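Hi,

Here is the structure I promised to pass on.

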Amino acid sequence: MNENTNEMTNLDRRRFVAGGLSLLGGASLLPGHAFARLRPASSGASDEGADKTLVLIQLSGGNDGLSTVVPYGDDAYGANRRRTLVPTAELHKLDGYRGLHPNLAKLARIHDEGGLAIVEGIGYPGPVRSHFKSLDVWHAASLKGRAAREGWVGKVCRTAWSEGAPPELVVHVGGKVPYSLHSIEHPAVAFEIPESYRWLGEGTEAETFRRGRDAGEKTSVLDRLRGVLRDAQESSTRVRAAARAYRTDIEYPQTPFGRGLRVIAGLIEAREGTRVFSIDLGGFDTHNNQKASHDGLMTTVDDALNAFLRDLRGREAGDRTLVMMFSEFGRRVAENGSGGTDHGKAAPMFLAGTPVQGGLYGKHPSMTDLDGGDLAYTTDFRSVYATAIEDWFGIPHREILGETFERIPCLRT
Amino acid sequence: MSTEGRSERLRWARVLVAAVAMGAGAAPAALGGWADDPVTQTGAVAWNASNAEHLFNRAAFGVTPEELDDILEHTPEHVVDELLSPRESAGEPFFAERGDASQYRQMRGLPEEERRRFRAQLRAADRRQMDDYASFWVDQMVDYEDPLRDRITLFWHGFFTTSSRDVRRSFEVIQQHQFLRANALGSYADLLRGIVRDPAMLYYLDNNANRKGKPNENLARELMELFSLGEGNYSEADVKEVARALTGYSANRDGEFEFNRRQHDGGIKRVLGERGRFDGDDVVEVLLEQEACAEWVAGRLIEFLEGVQPESARLREYAGILRNEDYQLRPFLRRLFLDPEFYREEVVGTRVQSPVDYLVGMTRRLDVHPPARYLLLAAGNLGERLFQPPNVKGWEGGESWITTSSLLQRGNVAGLVLGTIDLQAAFEGNPGLGERRRELRRRLSDARRSGAESDAGPQGDDMDMDMDLDMDMEIDSEMDMDMEMGAEAPPTSDSGGDAVPRALRALRSAVGSGYRPRLNLTWRVKATGATDDGEILDELLSSLLAIEAPAETRALLLDHLKAERAGIGIREGELLEATAACEAILRRLAHLILSLPEAQLG
């Protein structure tokens, strides 16, 4: 562990210099494969997938699946929805039964072009309607929630990528790091915008500050904080350099979500060794007057995700990037009394990007045979995780999930 | 350090000394009977500097070395009783104004453009009042009149959460907070009874829309999951029944609770095995009867104060105390603060301070006076935006406060307070982004126009008004997000080519162009009699850190200080005489100390 630390530190120093040079007009960063070369080949995962990346998008609050992939062909839809009803005429129809929300026009095109897979009826046994408990289940990939002791991405890191990984192995763009990324060994690098991701002390203070992070084993809180400080100092320079250097013709929307995805695209391009990116979009807890706010959220998702996918498409960076979008639960089939919907159960999940074999997967839940007023799930979300873990990263999914799940054949081979 | 020349921050410590001097053995009269209660008798707490500082880290917002000297002259029982004793006056309360419904009526005849402007003004005034109140509360924390009350209010603030961003009615949110603060050290049962009738809460969890035959379960679920029992201690059927009982609990236009009989479902409900024609008040009594209730509240409180979850036997013991004392907080807290377990190794010095802890503690330790607005904004940037919890569960706390980014930002926030950071120089050459608010408004109003047709209900004007407020709010919240994300300021206040990211720029402007840190570290350190490098460093470490500095940290910083001193050609023992150069060195050293992981613990 200590040897690794020193190695990282030296490498970081070199990078620090390289970043400084590029500021003064030098052409570029160090070659992106620096970490791939350092990483031992023994780590369980095959090296073939060593630069594959997963981008996790969380729609926080419980996205109304029925207003996202709308089952317009089902009479029960119109019978249950009035103030939240999405008019049939405006839908981007996928077939005679379902259509995408009108504000998902760009994603509908990507779907038609084969770059978007929709997995319907996602949920898990014994669903909980609490945001927090349900998110814990999703984040731990375990029905026991946090009793499972670590996030599922944290477990993947520990199991398959533990040695020689850079601090940026897992990156969260946002303030609060989701539990899925929790890991004692590889806490995620997190920042909201790259420009201010730095410590502003100068001169000799900066040098002493860099030495204030020497940690022993991460058994005490202080040692863990020192580990975070080390990760922060090492990644701060590189993250800012990657964001600054990134050039693209695609115009991303000026929303925090759009800007966040742009930063992710830049980091993928820079090949800093990140395997998992995470970003949240909130506001989906639509108990009240859902229509207007949900319509707006669909636009936000559509504009930003479209920009991201088009930006990466056709490029090498796109070939190694898989997007997974989820929410902690769907909402009730019936509306509540205030033009909104209460917490429900099953909802669709989305996979997108060049590696995806677009189309419909899973099975749309019955609109009439309900589970306590909710859609009953037809596919366990861990089937989708298993797909990403095994078919994308090449790691046996049972090692991570503890059980065997049927994978979704939605990735190109 | 000398106490001379310090501001009236020390008043609290003087009050303490005076009260404690009233007599050994007898509790101050104001405490009533609870202080003698047998449940508060425990084994002895080892009363030393480390434990006394620990008590103040957790029960207040830290201590200065000279306060610590005072405190150690008294027994832990006296100190705890003084923390718990009701204050005669906590200063003049904040007066909250309420926007008047007639203002909205006046707007009806006006052209759309003017109405929009008028609404935006009302909304801006409302936000200003909210900010003023939040600043007022931060000032109270810093003033240390009643630090335990503010510490526990901070707990309730994250327990009975309400977001001003969602409620958008500063008057109601302020009323709620004043209720929580007034009862913070009283009875949890009274807090729960009050919160189901609290207008801000009824707005926040949509209970105005919870009507007979058209239930909205939001409040019902959170009432049990977060405010009383914890998940797993009620069924989905209970949620539905409690929602029925809460129908008709609403807030009126004057910001008062109103029981709307016509919308109340007066039928029989079954809640947690009880049966009756319950309303919301009845449900609260049923909840308070549950064993799970005291366990939930005790567990959350202990975790908040100790930083780790109690093991189950201890939790049951403390839940028992809470129940036996009718949910009174004072006996519970007294027992906890005098429990040797509260001072065990696992607990002392191992908790990550929240941003508010860090900032209030730093302000007091340095004895500087940045505007409260600055502390408020800074806490928000670091992940603790008062009155805007991330969600209904409040702030997660603990190690989740620290991310790679927030750890670096804590140091930056300290540097701005100390005046050791030059933002302009740091961000030369960083391009701004431009055009934000206009773009958002354009996009939202397009989206709203298409949504409006299907949504126009019988409310007509009111609906329209709400939608417009909604839109302002959404823009506000996106702009706030921008602020968190460090993006650029809106065009109106954009100062041309300023390259400093917005979050930091907002901090700089909140500190104010007139702000200079009024501190003289050289003088303070000198006044303690310190001369050589080790003494100087120890003085700074003991006043700036809430924990004892580990030996390796001290060695690292000592090397640094020696190098700095030698760098300006001054011999050991003479640094404090080189006033100007020394002050710069000490401030930068203070910045460094406050940026280290050690400064985040307490």
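Before anything else, a word on burial: a residue is called buried under 20% relative accessible area, exposed over 50% and partly exposed in between, using a 1.4 Å probe and the protein chains only. Keep in mind that this is a predicted model, where local features need pLDDT of at least 70 and side-chain atom pairs count only at pLDDT 80 or more, while totals for chains, interfaces and linings use all residues. Residues are numbered from 1 along each chain as its sequence is written, chains are lettered from A and ligands numbered from 1 in the order in which they are written, and side-chain values use heavy atoms, with hydrogens and water left out.

Let's start with one helix. Helices (H or I, at least four residues) and strands (E, at least two) are DSSP runs, numbered from the N terminus. Helix α8 of chain A covers residues 221-245, which is 25 residues. From first C-alpha to last it reaches 35 Å, close to the 36 Å expected at 1.5 Å a residue (the expected span is 1.5 Å times one less than the number of residues). α8(A) also has a kink of about 35°, centred on A:Ser235; the bend at a residue is the angle between axes fitted to the seven residues ending there and the seven starting there. Because 22 of its 25 residues are buried, α8(A) is largely enclosed by the rest of the structure.

Next, where the chains meet. Counting heavy atoms within 4.5 Å as contact, chain A brings 57 residues and chain B 68 residues. About 5700 Å² is buried between them, with carbon and sulfur atoms giving 58%; that is the accessible area (1.4 Å probe) the two parts lose on being put together, summed over both. Chain A and chain B also share eight salt bridges, each being a side-chain nitrogen of Lys or Arg within 4 Å of a carboxyl oxygen of Asp or Glu. A:Arg129 and B:Glu236 form a salt bridge, with their closest N and O atoms 2.3 Å apart. Among the elements of chain A that each supply at least two residues to the side touching chain B are α5 (131-140), α8 and α10 (290-312). Which helix gives the most to that side of chain A? It is α8(A), with 10 residues.

Over all chains, the structure holds 71 salt bridges.

B:Asp339 and B:Arg314 pair at 3.4 Å, N to O. B:Asp339 lies in the loop between α17 (329-337) and α18 (355-366) of chain B and B:Arg314 in helix α16 (residues 312-324), so the pair ties together parts 25 residues apart in sequence. B:Asp339 is buried at 8% relative accessibility, and B:Arg314 is buried at 6%.

B:Glu564 and B:Arg588 come to 2.6 Å between their closest N and O atoms in another salt bridge. This pair links α27 (residues 551-567) of chain B with α28 (residues 579-595), 24 residues apart. B:Glu564 is buried at 10%, whereas B:Arg588 is partly exposed at 29%.

Cheers
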